[in-house]
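Student: I have a structure open and would like to go through it piece by piece. Where do we start?

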Amino acid sequence: MNNEKIKNKIIAISGQPVTGKSTTIKALKGNLTKNGYKEENIHITSTGEEFRKYINSIIELIKNLDNMENIEKAKEIESIVKDPTLKEEFLKELVKIKKSGIDYSNFTIEQANNLKEFAGIRKIIDEKIDDNIKKMGMEINKQEHPDEVWIFDSRLAFNNIPEAFSVRLTTTPEIAANRLFNDQTRNDSDKYETVDKALKAREARREGEQRRYKDRYGIDLENEENYDLIIDTSYSDIQEIAETINTCLNRYMENKPFGKTWASPKMFIPLQNFRDVSFDRINELHTSMKEEGYRPNSIIDTVEVDGRQYIIEGHHRSIVSAIMGKTLIPYETIAKDDEEVPYYSGANARQRVNTLKSVTLLYDYEDFLRSGYKENDFEYDKIYPGLYEEIKQREQKKKNEQKNDIEH
């Protein structure tokens with residue numbers, strides 16, 4: 001995004017399903033008020049809420065479609081009904097849905113999101129909401145509002161308001177599934193019997209959204225180039241997430257550098273031997289971070305292999321962040337899977353990771369890092385299930401190869 005266009009603080013927050021968007025926005029509002037913004041000057045718009053208003057009004061309308069006067073009286077959809085380009089198409093879709101014989105006695109938003117009979121209505125609503133967001137963005141930026149902030153909870157606000165600071169929230173599928181399964185605020189009809197069923201439902205929803213936005217808008221929601229800041233919320237404190245968004249937004253508007261992708265130090269697997277760690281360097285970093293905080297442009301280099309993040313450069317910063325209890329630090333993935341790792345001539349990411357052949361190395365780090373985590377049960381194998389077994393297999397393979405060399 002081009003931050004030279006920014007006149008106002010406009011934050012567009014999107015994310016994968018079950019990443020904590022609503023909780024993040026609430027915490028962000030609290031962080032902004034703590035930093036001097038008045039509550040009445042923090043404006044929050046949720047396209048999800050707008051969608052629900054439209055759908056609920058339409059469902060009530062369909063139930064009473066025999067009386068055409070009800071259409072003109074439906075306030076929530078007034079902007080659609082009075083739009084000559086949408087009204088005719090809208091009425092056709094209403095009649096089509098009415099004839100489908102859908103039971104509306106226990107109808108849910110999830111059904112409205114997924115039933116093929118509602119595809120035409122969804123398209124009309126989405127177009128109307130997108131148009132509203134675009135108009136809001138243009139209206140906001142007609143003049144500067146130094147004492148106000150706008151927050152949009154919207155998957156497409158980054159596209160509809162190009163001047164916005166766009167934030168993408170992510171999480172691991174397993175964390176999302178556990179959140180879904182343990183969410184006591186959900187209706188009985190929207191709860192899951194097992195974590196596995198919650199996992200499948202979450203992934204189906206994520207893939208469905210991805211497919212729908214590609215088909216309708218030609219936009220890949222997973223493309224990191226769409227966003228200015230990407231935060232993995234899997235093991236991160238909500239207040240620290242809000243603080244990170246605000247800090248990076250301020251640096252963005254001031255044209256100061258900051259890391260684009262952030263995650264908990266827990267998610268970074270060390271490749272450096274623990275005995276090579278410099279405790280003088282750790283003490284030095286601990287002192288500077290305690291006095292100045294973590295610098296937003298101090299980025300850790302990682303490689304990603306099979307969905308796991310391994311540290312290439314920045315072991316000491318990651319260690320100090322962990323023992324200080326930080327839950328977010330910036331990183332950059334410099335290579336994935338079979339891609340060549342910069343500065344490591346001839347080595348791809350997988351080959352670099354395969355040098356990790358001893359679980360003992362991770363045990364040493366875990367014992368040292370546990371002091372920084374409240375739950376005191378930190379294990380890399382819990383974050384990345386199956387990691388230890390893979391390393392042990394590599395270790396055993398190496399022993400077998402050495403044995404064969406001796407025998408021959």
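Tutor: With one term: contact, or touching, means heavy atoms within 4.5 Å. In that sense Glu240 touches Gly325, Lys326, Thr327 and Leu328, leaving aside residues up to four places away in sequence. Keep in mind that this is a predicted model.

Student: OK, and where does Glu240 sit?

Tutor: Glu240 is part of helix 11, which covers residues 238-253.

Student: Is Glu240 buried or exposed?

Tutor: Buried means under 20% relative accessible area. Glu240 has 13% relative accessibility, so Glu240 counts as buried.

Student: How far is Glu240 from Ala27 in space?

Tutor: The C-alpha atoms of the two residues are 9.1 Å apart, although 213 residues separate Glu240 and Ala27 in sequence.

Student: How do helix 1 and helix 11 pack?

Tutor: Two packed helices are described by the angle between their axes and the distance between the axes. For helix 1 and helix 11 the angle is about 65° and the axes are 8 Å apart. The crossing of this pair is right-handed.

Student: Which residues make the contact?

Tutor: Helix 1 contributes Thr23, Thr24, Ala27, Leu28, Asn31 and Leu32. From helix 11 come Ile238, Gln239, Ile241, Ala242, Glu243, Ile245 and Asn246. Sorted by class, the contact of helix 1 with helix 11 has 7 nonpolar, 5 polar and 1 charged residues.

Student: Another helix pair, please. What about helix 5 and helix 7?

Tutor: Helix 5 (residues 84-100) and helix 7 (residues 119-140) pack at about 150°, and their axes are 9 Å apart. Helix 5 passes helix 7 in a left-handed crossing. On the helix 5 side the contact uses Leu86, Glu89, Phe90, Glu93, Leu94 and Ile97. On the helix 7 side there are Gly120, Ile121, Ile124, Glu127 and Lys128.

Student: How many of those are charged?

Tutor: The contact of helix 5 with helix 7 has 4 charged residues, along with 6 nonpolar and 1 polar.

Student: Let's do backbone angles. What is phi of Val18?

Tutor: Phi of Val18 is near 60°, a positive value in a residue other than glycine. Most residues other than glycine have a negative phi. Val18 is in the loop between strand 1 and helix 1.

Student: What about Asp337?

Tutor: Asp337 also has a positive phi, near 50°. Asp337 is found in the loop between strand 10 and helix 14 (349-353). With 29% relative accessibility, Asp337 counts as partly exposed.

Student: And Asn160, what does that touch?

Tutor: Asn160 touches Asp130, Ile133 and Lys134, not counting residues up to four places away in sequence. Asn160 lies in helix 8 (residues 157-160), and at 8% relative accessibility Asn160 counts as buried.

Student: Which residues form an aromatic cluster?

Tutor: Phe274, Phe279, Tyr365 and Phe368 form one. The structure holds 12 aromatic pairs.

Student: Last one: how many helices and strands are there in the chain?

Tutor: The protein chain has 17 helices and 10 strands. Of its 408 residues, 47% are buried.

Note on methods:
Residues numbered from 1 in each chain as written. Predicted model: local features only at pLDDT ≥ 70, side-chain atom pairs only at ≥ 80, totals over all residues. Heavy atoms only, no water. Phe/Tyr/Trp six-rings, centres within 6.5 Å; stacked < 30°, edge-to-face > 60°. Axes fitted to C-alpha atoms, helices over the stretch in contact; angles between N-to-C directions. Helix = DSSP H or I, 4+ residues; strand = E, 2+ residues; numbered from the N terminus. Left-handed = near helix turned anticlockwise from the far one by under 90°. Nonpolar A, V, L, I, M, F, W, Y, C, P; charged D, E, K, R; others polar. Buried < 20%, exposed > 50% of the residue type's maximum accessible area, 1.4 Å probe, protein only.
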